[in-house]
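Subject: Structure for handover

Hello,

Here is the structure I said I would pass on.

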Amino acid sequence: MKHESLKPSVAYLGPEASFTHIAATDFFGKDGLMPFPSIPDCIEAVTDGRVAYAIVPLENALEGSVPLTIDYLFHGSDLFINAELSTPIQQHLMVHPKQADAVESLSSIHSHPHALAQCHKYLQYHFRRVPLMQTSSTAAAAKYVSEHPELPIAAIGNQLAADTYGLHIAEESIHDFHFNHTRFVVLSLRKETLAYEGAGIPKTTLMIKLPEDDQPGMLHQILSVFSWRKLNLSKIESRPLKTGLGNYFFIIDVAETENHPMMKGAMEELKALRCDVSSFGSYSTYNQKIPAGK
């Protein structure tokens, strides 16, 4: 679903035909999209004001969070989440047409680390001894394979990448589990909720740091703040503070807007517990219906 009212510049993890590109096109349309070679580059582009928005992958249903996104987003980027897109992911094995008959003797397979992990069982069964080469995105892998027709190498990516870079799909849908979705988030310098048709239940993402003199049962107290107010937590995850072993902060997704009276009360109680609390804004989820790349 294209958000017709939005015609800004948007950074996305490129190159063209990456899953992030598909999600960005579905939400913003084709105009104003700008590919960047890495997730940090996308985030820095919107932080520096070179683009209005950035869209980056945050979490995959099979492989969990994308650490690079979380590290850059939650360690001083001063950005807010304006929208979330949940996108179906289909992974295919693709080769250059000149290597269509050499699939059984591949010298390497290239893709993003999460894509390789999503196809772990398939790769273990069919290509156990073939080196797996990590790239910045699935589209970057497809582009690399297209630029080296003389090499018996393969990429893992989507249908659009195969079409864009002229590759032959040697085998379709090689991901290990059927329900393979990725959460993409739209980021900007503004705390706003992008409204659109079909938006799901509102959500607020919080970052919570415990007091320095952490007491036994502190996490239980934090969870109780939400429990007795009947605020549903759709996700809780701990991440290293990068200040020493055993030091963590918590990322919590709450199924409510931050302006709700119960949420305001929860924030006040967390601060009374001497927790350091940051909100990355309230937003809604758009569930893309069509398989990505089809």
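Helix α6 (residues 138-146) lies across β6 (92-95), β7 and β9 (153-157), and its direction makes about 155 degrees with that of β9. Helices here are DSSP runs of H or I with at least four residues, strands are runs of E with at least two, and both are numbered from the N terminus. Angles run from 0 to 180 degrees between N-to-C directions, with axes as lines fitted to C-alpha atoms, for helices over the stretch in contact. Contact means heavy atoms within 4.5 Å.

This is a predicted model: local features need pLDDT of at least 70 and side-chain atom pairs count only at pLDDT 80 or more, while totals for chains, interfaces and linings use all residues. Residues are numbered from 1 along each chain as its sequence is written, and side-chain values use heavy atoms, with hydrogens and water left out.

The five-stranded sheet

The strands under discussion belong to an open sheet of five, ordered β8-β7-β9-β6-β10, with mixed pairing. At its edges are β8 (132-134) and β10 (168-171), each of which pairs on one side only. On average, neighbouring strands of this sheet are turned by 35 degrees against each other, direction ignored. Two strands count as paired if DSSP finds at least two bridges between them. Strand β7 (residues 108-111) and β8 are joined by three bridges in the parallel sense; in one of the pairings, Ile 109 has Leu 132 of β8 as its bridge partner.

The four-stranded sheet

A second open sheet has four strands in the order β13-β14-β12-β15, with antiparallel pairing. β13 (233-240) and β15 (276-283) are the edge strands with a single partner each, so one side of each has no neighbour in the sheet. Strand β12 (residues 203-209) pairs with β15 over six bridges, antiparallel, and Met 207 has Ser 278 of β15 as its bridge partner.

Two helices pack on this sheet. α3 touches β12, β13, β14 and β15, and its direction makes about 85 degrees with that of β13. Helix α9 (residues 261-272) touches β12, β14 and β15, at about 5 degrees to the direction of β12.

Strand β3

How many of the eight residues of β3 are buried? In strand β3 (residues 53-60), seven of the eight are buried, where buried means under 20% relative accessible area, exposed over 50% and partly exposed in between, with a 1.4 Å probe and protein chains only.

The pairings of β3 are these:
- With strand β1 (residues 10-13), β3 pairs in the parallel sense over three bridges; Tyr 53 is the bridge partner of Val 10.
- With strand β11 (residues 181-188), β3 pairs in the antiparallel sense over six bridges; Leu 187 is the bridge partner of Ala 54.
- With strand β4 (residues 64-65), β3 runs antiparallel and is joined by two bridges; Asn 60 stands opposite Gly 64. β3 and β4 form a hairpin, with three residues between them.

Cavities and a pocket

Both kinds of space come from a 1 Å grid over the protein atoms alone: a cavity is a set of points where a 1.4 Å probe fits but cannot get out, a pocket is an open set with protein on both sides within 12 Å along at least five of seven lines, and lining residues have an atom within 4 Å of a point. Grid points are joined across faces, edges and corners, and a volume is the space filled by probe spheres set on the points.

The structure holds two cavities of 30 Å³ or more. The largest cavity has a volume of about 210 Å³. Its lining has 17 residues, with Phe 19, Pro 57, His 112, His 114 and Thr 182 nearest the centre. α1 (19-28), β3, α4 (113-118) and β11 each supply at least two lining residues, and α4 gives the largest share, three. By class, the lining of the largest cavity has seven nonpolar, 10 polar and no charged residues. Nonpolar covers Ala, Val, Leu, Ile, Met, Phe, Trp, Tyr, Cys and Pro, charged covers Asp, Glu, Lys and Arg, and the others, Gly among them, count as polar.

The second largest cavity has about 50 Å³ of space. Among the residues lining the second largest cavity are Leu 58, Arg 183, Lys 235 and Asp 253.

The second largest pocket has about 200 Å³.

Regards
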